Amino acid sequence: MRNLKRHDTSDILIHWFNAASWLVLLITGLGLIKNERLNPLGAWLPDALRALFGGGSAGGAVLLVIHEVAGVLWVLGFLAYLAVNAKGAKYFLKEIFSVRPGDLSWLIRKMGRMTVGVGGELPPQGYYNMGQKAFAQASVAGGVAIVLSGAVLLLSDKLIPATATVFVGWAVTLHYLAVGLVFAGLLVHIYMAAISPEEKPGFRSMFTGSVPEDYARHHHGLWLESLEKGDAGPK
Ligand code: HEM
């Protein structure tokens with residue numbers, strides 16, 4: 001059985017760097033929400049993290065610095081990836097934002113099969129299936145919103161005058177909403193990518209870089225067709 005290259009080493013590194021950054025940013029971000037009526041986890045996480053970093057407001061200040069540094073490193077990581085593999089990034093963006101005839105029907109049938117066990121034959125999919133595309137679109141759009149609103153918050157006490165605090169309020173709202181949107185998708189992404197038995201070869205490819213040909217034929221038939229025609233981007 002032939003193995004087909006699916007991910008470049010730089011794609012694998014940026015994916016796991018992104019996942020690790022999300023983990024740190026999510027935990028420290030939730031730890032910063034001191035108001036227990038707003039924090040989905042209540043008061044225990046902010047209290048525990050503050051205690052870990054020296055307690056009280058000093059602990060909160062350390063937590064904020066960790067969150068800000070992790071956010072800036074996250075952006076720098078993506079800039080480094082773009083410098084190394086701009087072609088791969090262009091291919092990724094082109095693939096996730098091109099929705100083809102049959103994609104919507106794939107999504108509806110797949111959801112039907114997974115929830116009530118009916119849905120019929122799935123139309124063939126390209127490099128990404130429509131579920132992966134929807135999540136990738138949400139993470140790109142959400143990621144841009146998180147970075148831009150995060151930059152406003154980072155600079156708020158230095159550059160933004162007191163008269164423009166309404167602007168900062170909107171940045172906080174956008175920051176929360178974008179994280180919520182990507183996090184909702186992430187729950188499905190982690191289930192589909194790491195737990196669903198059908199997708200195991202896809203999961204292994206996030207470490208090895210390649211998938212068996214029969215997996216590609218079954219899950220990404222249009223991608224295999226374009227590979228056979230010698231027309232499948234930088235992969
Ligand atoms: C434990 C955490 C995670 C696991 C196990 C995981 C697993 C995977 C796997 C196996 C793929 C490859 C799918 C393929 O090409 O066939 C993938 C792709 C991808 N991952 Fe993750 N991932 C995780 C966290 C994240 C996070 C935190 C994000 C962003 C917020 C993310 C965003 C993406 C995107 C955009 C893709 C490409 C599109 C897609 O396949 O959905 N992943 N992930």
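Trainee: Among contacts in the protein chain between residues at least 6 apart in sequence, what share join residues at least 24 apart?

Mentor: For this predicted model, the share is 64% of the contacts between residues at least 6 apart in sequence.

Trainee: Okay, and how many helices and strands does the protein chain have?

Mentor: The protein chain has ten helices and two strands, and from the N terminus on they run β-α-α-α-α-α-α-α-α-β-α-α. Taken along the principal axes, the C-alpha atoms fill a box of roughly 60 × 45 × 35 Å.

Trainee: What percentage of the residues in the chain is buried?

Mentor: Of the 235 residues in the protein chain, 35% are buried.

Trainee: Let's look at one helix, then: which residues of α2 are buried?

Mentor: In helix α2, which covers residues 44-52, the buried ones are L45, P46, L49 and R50. They cover an arc of only 125° around the axis, and that puts them on the same side of α2.

Trainee: And which residues are exposed on the other side of α2?

Mentor: Those are W44, A51 and L52.

Trainee: So what covers the buried residues of α2?

Mentor: The cover includes α1, residues 9-32, and α3, residues 56-84. While you are looking at that region, notice G54 as well, which comes just after α2 and takes a positive phi of about 110°.

Trainee: Switching to α1 and α7, how do their axes cross?

Mentor: Two packed helices are described by the angle between their axes and the distance between the axes. The axes of α1 and helix α7, residues 165-195, come within 13 Å and cross at roughly 125°, and the two helices are therefore oblique to each other. The crossing in which α1 passes α7 is left-handed.

Trainee: Which residues make that contact?

Mentor: On the α1 side they are H15, W22 and L26, and on the α7 side they are V179, V182, F183 and H189. Sorted by kind, the residues of the contact of α1 with α7 divide into five nonpolar and two polar, with no charged ones.

Trainee: New topic, K133: is that lysine buried or exposed?

Mentor: K133, which is found in helix α6, residues 130-159, counts as buried because its relative accessibility is 0%, and the cut-off for buried is under 20%.

Trainee: What does K133 touch, then?

Mentor: Not counting residues up to four places away in sequence, K133 touches E95, I96, S98, V99, R100, D103 and Y128.

How values were computed
Residues numbered from 1 in each chain as written. Predicted model: local features only at pLDDT ≥ 70, side-chain atom pairs only at ≥ 80, totals over all residues. Heavy atoms only, no water. Buried < 20%, exposed > 50% of the residue type's maximum accessible area, 1.4 Å probe, protein only. Helix = DSSP H or I, 4+ residues; strand = E, 2+ residues; numbered from the N terminus. Arc of directions from axis to C-beta. Contact = heavy atoms within 4.5 Å. Axes fitted to C-alpha atoms, helices over the stretch in contact; angles between N-to-C directions. Parallel < 35°, antiparallel > 145°, perpendicular 65-115°, else oblique. Left-handed = near helix turned anticlockwise from the far one by under 90°. Nonpolar A, V, L, I, M, F, W, Y, C, P; charged D, E, K, R; others polar.
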